[in-house]
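This briefing walks through the structure shown below, from the overall fold to individual residues. It is meant to be read beside the coordinates.

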Amino acid sequence: MSEADHSSAYRREFLAEVEREVEGGTWVKMCMQCGVCAGSCPFGPHWEHSPQKIFMMIRAGQREAVLRSESMWLCTSCYNCVVRCPRQLPVTHIMHGLASYAQKLGLAPKLQATRDFSLQFWENCTRTGRVNEMRLTLGLYFREGLVAGFKQAWAMRTVAWGLLRAGRLNPAELVGGHRCADANGIKAMLAKAREIEARRKAQHGH
Ligand code: SF4
Ligand code: SF4
């Protein structure tokens with residue numbers, strides 16, 4: 001196989017991987033690079049890769065650059081791109097699908113704020129079926145270490161004091177806190193959702 005053949009096979013390989021593994025991935029090849037999504041996105045020029053660029057990079061076989069990118073994690077799900085895309089690509093779903101696939105492969109940027117919040121929020125609320133705000137807040141403050149955590153907590157002291165006085169923040173939540181009355185029901189619901197997802201993946205490939 002010539003060098004050119006190798007390179008185009010590699011390019012096709014990543015597109016095929018995205019089509020197989022990523023939610024909405026089969027749509028990527030439909031992108032005609034018009035730039036409407038990039039122009040409609042509230043992030044505009046402020047993020048590294050717009051959806052248009054991400055789709056171009058996928059087709060160019062830039063696997064590492066795409067999957068290690070922070071860009072997909074910044075999508076706010078505003079759906080501007082989806083309603084405006086002339087090819088009707090589910091851009092938002094593809095962006096989240098890519099983020100979730102990068103996370104599954106361990107390639108997602110570790111301290112990326114949205115990724116970290118999503119993981120902490122999910123772990124927090126699925127444990128008891130209710131969000132423990134004290135633990136979630138402290139987990140986010142201290143995610144970059146003790147010094148950063150204390151600095152953040154100090155910076156927010158006035159807000160915290162206001163919340164305490166209004167009864168909206170309860171330090172006792174640290175050692176117990178609210179929980180859903182039917183925690184087993186929550187666990188069963190999550191197990192069912194995972195089962196449905198696995199079945200859908202087996203049927204449709206993603
Ligand atoms: S608007 Fe649609 S077709 Fe145009 S670049 Fe974005 S995803 Fe591609
Ligand atoms: S849904 Fe995400 S990618 Fe699309 S315009 Fe909004 S922020 Fe940008």
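This is a predicted model: local features need pLDDT of at least 70, side-chain atom pairs count only at pLDDT 80 or more; totals for chains, interfaces and linings use all residues.

The chain's secondary structure amounts to twelve helices and zero strands, and the order of elements from the N terminus is accordingly α-α-α-α-α-α-α-α-α-α-α-α. With a radius of gyration of 21 Å, well over the 17 Å that the globule rule gives for 206 residues, the chain is more spread out than a compact globule.

**Overall layout**

- Taken along the principal axes, the C-alpha atoms of the chain fill a box of roughly 70 × 40 × 35 Å.
- The domain assignment divides the chain into domain 1, covering 3-108, and domain 2, covering 113-203, and the centres of these two domains, taken over C-alpha atoms, are separated by 29 Å.
- Of the 206 residues in the chain, 17% are buried.
- Among contacts in the chain with a separation of 6 or more, 62% are made by residues 24 or more positions apart.

**The largest nonpolar core**

- The largest nonpolar core contains 27 residues, and those with the most contacts inside it are Val-28, Ile-58, Val-91, Ile-94, Met-95, Leu-98 and Ala-99.
- At least two residues of this core come from each of helix 1 (3-21), helix 3 (51-59), helix 4 (63-67), helix 5 (71-74) and helix 7 (91-105), with helix 7 giving the most, namely seven residues.
- In soluble globular proteins, nonpolar side chains tend to be buried together.
- Ile-58, one of the core residues with the most contacts, touches Phe-14, Leu-15, Val-18, Val-28 and Val-66 when residues up to four places away in sequence are not counted.

**The shell around ligand 1**

- Ligand 1 is surrounded by 15 residues, of which the closest are Cys-31, Cys-34, Val-36, Cys-37 and Cys-85.
- Helix 2 (36-40) and helix 3 each supply at least two residues of this shell, and the largest share, three residues, is that of helix 3.
- By residue class, the shell around ligand 1 divides into eleven nonpolar, three polar and one charged.

**The shell around ligand 2**

- Ligand 2 is likewise surrounded by 15 residues, and here the closest are Cys-41, Cys-75, Cys-78, Asn-80 and Cys-81.
- Helix 6 (80-84) and helix 7 each contribute at least two residues to this shell, and helix 7 provides the largest share, three residues.
- The residues around ligand 2 divide into ten nonpolar, five polar and no charged.

**Two positions in helix 7**

- Gly-97 lies in helix 7 and counts as buried because it has 21 C-beta neighbours inside 10 Å, where 20 or more are required.
- Leaving aside neighbours within four places in sequence, Gly-97 is in contact with Val-22, Glu-23, Gly-24 and Gly-25, whereas the C-alpha atoms of Gly-97 and Cys-85, twelve residues apart along the chain, are separated by 18 Å.
- Thr-92 is also found in helix 7, but with 19 other C-beta atoms within 10 Å Thr-92 is partly exposed.
- From C-alpha to C-alpha, Thr-92 and Cys-78 are 8.1 Å apart in space, although 14 residues apart in sequence.

**Loop residues with positive phi**

- Most residues other than glycine have a negative phi.
- Tyr-79 is not a glycine, yet has a positive phi of about 70 degrees; Tyr-79 sits in the loop between helix 5 and helix 6 and is partly exposed, with 14 other C-beta atoms within 10 Å.
- Gln-88, which is not a glycine either, has a positive phi of about 60 degrees; the place of Gln-88 is in the loop between helix 6 and helix 7.

Notes:
Residues are numbered from 1 along each chain as its sequence is written. Chains are lettered from A and ligands numbered from 1 in the order in which they are written. A nonpolar core is a set of buried Ala, Val, Leu, Ile, Met, Phe, Trp, Tyr and Cys residues joined through C-beta atoms within 7 Å. A residue is buried if 20 or more other C-beta atoms lie within 10 Å of its own, exposed if 12 or fewer, and partly exposed in between; C-beta atoms are placed from the backbone. Helices (H or I, at least four residues) and strands (E, at least two) are DSSP runs, numbered from the N terminus. Two residues are in contact if their C-beta atoms, placed from the backbone, lie within 7 Å. Domain bounds come from an automatic or database domain assignment. A residue is near a molecule or strand if its C-beta atom, placed from the backbone, lies within 6 Å of it. Ala, Val, Leu, Ile, Met, Phe, Trp, Tyr, Cys and Pro count as nonpolar, Asp, Glu, Lys and Arg as charged, and the others, Gly among them, as polar. The radius of gyration is taken over C-alpha atoms; the globule rule is 2.2 Å times the number of residues to the power 0.38.
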